[in-house]
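Please have a look at the model below with me.

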Amino acid sequence: MDREGVRLALTRRAGSGRPLLIVPGVMADAVAWQPVVDALDVAGPVYVLNRRGRKPSGALGPNYSMRTEIDDLDRVLDEIVAAEGAEHGVDLFGWSFGGLVALEAAARRTGSVHSLTLYEPVVRPFGRGALAALREAAAADDLDRALEIVNRDVSGFSEEDVAQLRRSAAWEVLRPLAAPLAQELTALDEHPADLRAFGALDLPVTLLLGAENEGVPPYGDVFAEIAAALPRARVVTMPGQGHLAHAQAPESLARHIGQALHRAERRDPDVGLS
């Protein structure tokens with residue numbers, strides 16, 4: 001589909017019933033999430049959005065911001081609801097940067113979003129200290145440097161971990177996904193998310209946290225902030241996982257997503273969150 005001349009591409013696994021839409025974060029696309037899709041035990045169709053900035057979707061475009069991403073997701077939700085039937089609504093899942101996009105869209109689209117599952121969403125000032133270096137790497141078109149910065153200075157991996165990643169086959173896969181990093185994290189840093197307003201969401205919300213990140217920056221502290229703002233959400237800790245369960249344990253993550261959707265399906269619409 002297109003929005004204002006920019007192509008937005010999705011994958012779709014066939015199914016019948018309420019659709020699930022997955023919104024990846026930075027450094028990931030639909031291909032990276034396919035193992036999770038393959039492992040999901042859900043009856044409805046499963047969509048994965050290739051956010052703009054990763055092929056085959058279009059470029060970020062001028063005046064890019066978090067509002068661009070939120071409006072893109074609004075457009076995608078409209079299309080999915082129209083294609084699958086408005087009576088079903090959409091189960092919405094977001095990871096990391098994509099978690100914030102999903103949260104903002106759900107707050108605007110309570111009539112079409114049936115449930116919301118967020119895996120370690122982030123809000124500003126996440127990654128702020130690395131922005132200058134990422135912008136320099138982007139200006140020099142140095143994707144290797146951008147990859148080093150995001151893994152070491154944003155995600156907190158050790159020099160040894162980054163060196164090991166650079167020697168792996170995954171490095172070449174990740175390089176093109178690093179191209180929009182500076183603009184994406186700048187957009188995140190400039191976005192004034194109103195966390196208090198999210199607490200009024202009247203739909204089933206599940207927050208997924210990797211146990212290795214509990215109470216540990218950069219992901220654990222921002223997770224705690226979001227969990228505090230969503231006191232009615234169900235918090236689920238995933239044993240043995242960090243921020244990359246979609247790559248390191250896709251079957252486990254798929255099981256947790258399926259459990260969140262099953263719980264949302266059992267919810268009495270007249271009772272509210274539990």
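Thr-68 is buried at 11% relative accessibility, where buried means under 20% relative accessible area, exposed over 50% and partly exposed in between (1.4 Å probe, protein chains only). Thr-68 sits in helix H2; helices (H or I, at least four residues) and strands (E, at least two) are DSSP runs, numbered from the N terminus. Which residues does Thr-68 touch once its neighbours within four places in sequence are set aside? Arg-3, Arg-52 and Asn-63 are in contact with Thr-68, contact meaning heavy atoms within 4.5 Å.

A word on the source: this is a predicted model, in which local features need pLDDT of at least 70 and side-chain atom pairs count only at pLDDT 80 or more, while totals for chains, interfaces and linings use all residues. Residues are numbered from 1 along each chain as its sequence is written, and side-chain values use heavy atoms, with hydrogens and water left out.

Now for the protein as a whole. Its secondary structure amounts to 12 helices and 9 strands. The radius of gyration is 18 Å, close to the 19 Å that the globule rule gives for 274 residues, so the protein is as compact as a globular protein of that length. That radius is taken over C-alpha atoms, and the rule is 2.2 Å times the number of residues to the power 0.38. The C-alpha trace spans about 55 × 40 × 35 Å along the principal axes.

Of the 274 residues, 55% count as buried. Among contacts between residues at least 6 apart in sequence, 80% join residues at least 24 apart. Carbon and sulfur atoms hold 49% of the accessible surface, which comes to about 12000 Å² by the Shrake-Rupley method with a 1.4 Å probe. The 28 positive and 39 negative charges have mean positions 2 Å apart; Lys and Arg count as positive and Asp and Glu as negative, with His and the chain ends not counted.

The aromatic rings are next. The whole structure holds 3 aromatic pairs; rings of Phe, Tyr and Trp (its six-membered ring) pair if their centres lie within 6.5 Å, and planes under 30 degrees apart count as stacked, over 60 as edge-to-face and the rest as tilted. Trp-33 is buried at 0% relative accessibility, and Trp-95 is buried at 4%. Ring pairs join Trp-33, Phe-93 and Trp-95 in a cluster.

Finally, the backbone deserves a look. Most residues other than glycine have a negative phi, and most peptide bonds are trans. Here are some exceptions in this model:

| Site | Backbone value |
|---|---|
| Lys-55 to Pro-56 | cis, omega about 5° |
| Arg-124 to Pro-125 | cis, omega near 15° |
| Ser-96 | phi near 60° |
| Asp-141 | phi near 55° |

Pro-56 lies in the loop between strand E5 (46-50) and helix H2 (66-84), and Pro-125 in the loop between strand E7 (113-119) and helix H4 (131-139). Ser-96 belongs to the loop between E6 and helix H3 (97-108) and is buried at 6% relative accessibility. Asp-141, in the loop between H4 and helix H5 (143-154), is exposed at 63%.

Conventions
The place of a charge is taken as NZ of Lys, CZ of Arg, CG of Asp or CD of Glu.
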